[in-house]
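Open the structure in your viewer and keep the selection tool at hand. This tour goes from one selection to the next and says what to look for at each stop.

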Amino acid sequence: MNIPMVDLKGQFRELQAQIEAGFREVCETTQFILGPRVKAFEEEVAAYCGVKHAIGVASGTDALHLALRAAGIGPGDEVITTPFTFIATAEAISYVGAKPVFVDIDPATFNIDVNLIEAAITEKTRALLPVHLFGQPADLAPIAALCEKYSLKLIEDCAQSFGAEYGGKKSGAFGDLGCFSFFPSKNLGGYGDGGMVVTNSDAFAHEVQVLRNHGSRVRYHHSTIGYNSRLDELQAVVLRAKLPHLDEYNHNRRRNAHLYSERLKGSPILPPAEDGKGLHVYHQYTVLSPARDQLHQALTAAGIASAVYYPIPLHRQEVYQASCSSCRFPVTERVAEQVLSLPMYPELSAEQVHRVCDVLLDAVK
Ligand SMILES: *Cc1c(COP(=O)(O)O)cnc(C)c1O
């Protein structure tokens, strides 16, 4: 039984008629850019997340970039984030000319350690940018309290957490700006690149709308240097077809995660922890083991995919090494050597989860 990390075919088959009809409609009306479907999808996401505004952009990376610019972050500023994330989080900070300042993580949740943030705040700090890694929101209440105390912006990287919750709110609704990715393998994935910024602020929403469309408020009038960063109508067709099913998809991810954890409990393989503060939507199901490489080999030999997210923390990346030569993040470094993400998608069957666990438990026997 071959088991992939993620299988996108099931959702396509389920929604094929609707998606194909939508594609045909877009082609026949030839409204490809910023048409009625993107607008409707923006309204649907705003309602789903419980926020005032949602603005479609070209990718999750652009969502972060435009959110930082809208928040007025620029050269000379510092933005505090985690070193244990995908490079895009820090790239976006660098795009606006600011400096990413990394803070070590909590080993139980893989998210930024809220107890270490305050010591990293300087007079140059302008924003905190927590990442809701693997689908579990960072501990946002103490993070928001620090933002309040030091007048910092709170920008959430929700690329892996569409539908997750913290303290009764959807991820993205807590901060000043929330940034989503619709990369195909994300919890809500399109058929290409796409992203979205959500916010309750009229001013930030307006700024992102202007920035995504060449700095233009009125057609052919340009008030600032903007970008070509728009979500397109074909992506909106796919995303609108999937959004009504997202809670069910996330529910099935959680069901699979709990089955994995049940099977691995008491073994030398440590299952991921839920912090009990909201809803973890398991973009990834990631275990810890000192024998990580051996487990990966055993799974590969059995035809089962697994992956290391992320093998090299950002402060150790060539591009950020020079600016972070004295950075020491012992938790991040240990975790990067021990993490292994297992196959995870809503359509994964109980039988497949059992098969993965059989191979893993056999390998550590
Ligand atoms: C995927 C991802 C991004 C970037 O999203 P793209 O749509 O691929 O540009 C940013 N941050 C995190 C944590 C991600 O997982």
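Are Phe162 and Phe180 buried or exposed? Select the two: both are buried. Keep in mind as you look that this is a predicted model.

**Stop 1: the aromatic rings**

Searching the whole structure turns up 15 aromatic pairs. In the pair you have selected, the ring centres of Phe162 and Phe180 are 4.6 Å apart and the planes meet at 45°, so this pair is tilted. Now colour by secondary structure. Phe162 sits in the loop between strand E5 (153-157) and strand E6 (165-166), while Phe180 belongs to strand E8 (residues 177-181), so the pair ties together parts 18 residues apart in sequence. For another aromatic stop, select Phe84, Phe86, Phe110, Phe134, Tyr309 and Tyr310, which form one cluster.

**Stop 2**

**Stop 3: helix H9**

Move on to helix H9, residues 292-301, and pick out its buried residues: Arg292, Leu295 and Leu299. Turn the view to look down the axis of H9: these buried residues fall within an arc of 65°, so they line one face of the helix. An α-helix has 3.6 residues a turn, so residues three or four places apart point the same way. On the face of H9 turned away from the buried side, look for the exposed residues Gln297 and Ala301. Then show what covers the buried residues of H9, which includes helix H11 (330-338), strand E14 (339-342) and helix H12 (350-363). Just past the end of H9, Gly303 has a positive phi of about 80°.

**Stop 4: Leu342**

Finish in strand E14, where you will find Leu342. Its relative accessibility is 0%, so Leu342 counts as buried. Leaving aside residues up to four places away in sequence, Leu342 touches Met5, Tyr260, Leu264, Gln284, Tyr285, Val287, Leu299, Val356 and Leu360. Finally, select Tyr285: its C-alpha atom is 5.7 Å from that of Leu342, although the two residues are 57 apart along the chain.

Key. Residues numbered from 1 in each chain as written. Predicted model: local features only at pLDDT ≥ 70, side-chain atom pairs only at ≥ 80, totals over all residues. Heavy atoms only, no water. Buried < 20%, exposed > 50% of the residue type's maximum accessible area, 1.4 Å probe, protein only. Helix = DSSP H or I, 4+ residues; strand = E, 2+ residues; numbered from the N terminus. Arc of directions from axis to C-beta. Contact = heavy atoms within 4.5 Å. Phe/Tyr/Trp six-rings, centres within 6.5 Å; stacked < 30°, edge-to-face > 60°.
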